[in-house]
Amino acid sequence: MKVSTSLNVFGSSVSRMEALRRCAAAGFQVLDMNYWDLQGQMLQISWSEEEAWAKEMRAYADQWGVRFTQMHGPVHGGTFKNLAAGLTLDSFIGLAERSLRTAAILGIPWVVFHPSDISKDGKETYREILDFNIDFYRRLLPVLEETGVGIALENVCHVQGYNRFFANAEELAQLVDALDHRLVGACWDTGHAHVQKIEQASAFRILGSRLKATHIHDNNGASDQHLLPYQGTIDWTELVGALKEIRYSGDFTYEAHNGVNKLPDGIRDAGLKFAFDLGNYVISLK
């Protein structure tokens, strides 16, 4: 388990290449490419342009001696009927397939996607929502097999009436098991779980070998703040102990952008170095 960070630790004013360089200089050897941040841009360009960009990013990562080991994929929206601007379900599948091909170029083994409710009105049963998600993500299986890239489905957070389901490990495990494919696993978001008051060590034990990726961040237990460890109230000793107990083989990947990117840019590199050192302290806990 290595300490990683999403490139979203920098805002949009910093190019992804510049973000990579600065993360590498801070000590990070493994990184997460946040495709979600680039979603609007990717919708405006052709696949050949995206492919060229991905190859350039891969060459730059190789130059700096870092690897991309995880990606946050595109996001369809709050629910499958409350889609992000410019998307239909079919166009989202196309975008998701592109993101998986980009991940393959970058050498990324797991791309994170969100399961969700069908609609915001809450009329559908859990069984209907589960079946919809199974059928939806099955549409990606051919490109998973083509590229060798897997998808990791993430525990969500119940906010503003969205997503009544897939916040807990039991439902997430049921979805992964129903898809029943070696290239489908789970991603656990520690901040989402803390807001949901979920006992995270138990969740890790339920997920076991299904767990392929993490989104690591802290909060006060009331809102999804995306802070560094110990800036909120998560019990990191218990959490890391459970990760080690299940022999989690992925990375300890920060989605803790608000712990760094709100700093003035002149001090942000020092904040990144602190985040890297802090992460290594956390994963050394017994």
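A polar contact here is a pair of N or O atoms within 3.5 Å; within protein, one must be able to donate a hydrogen and the other to accept it, and residues adjacent in sequence count only if both atoms are side-chain atoms. This is a predicted model, in which local features need pLDDT of at least 70, side-chain atom pairs count only at pLDDT 80 or more, and totals for chains, interfaces and linings use all residues. Residues are numbered from 1 along each chain as its sequence is written, and side-chain values use heavy atoms, with hydrogens and water left out.

Let's start with H226. A polar atom of the H226 side chain lies 2.8 Å from the backbone oxygen of E255. H226 sits in the loop between β9 (211-215) and α10 (236-245); helices (H or I, at least four residues) and strands (E, at least two) are DSSP runs, numbered from the N terminus. Leaving aside residues up to four places away in sequence, H226 touches E255 and H257, among others (contact means heavy atoms within 4.5 Å).

Now to the sheet. Eight strands make an open, parallel sheet in the order β9-β8-β7-β6-β3-β2-β1-β10, where two strands pair if DSSP finds at least two bridges between them. β9 and β10 (252-254) are the edge strands, each pairing on one side only.

| Helix | Angle |
|---|---|
| α4 (residues 89-106) | about 155° with β6 |
| α9 (residues 200-207) | about 175° to β8 |

Methods:
Axes fitted to C-alpha atoms, helices over the stretch in contact; angles between N-to-C directions.
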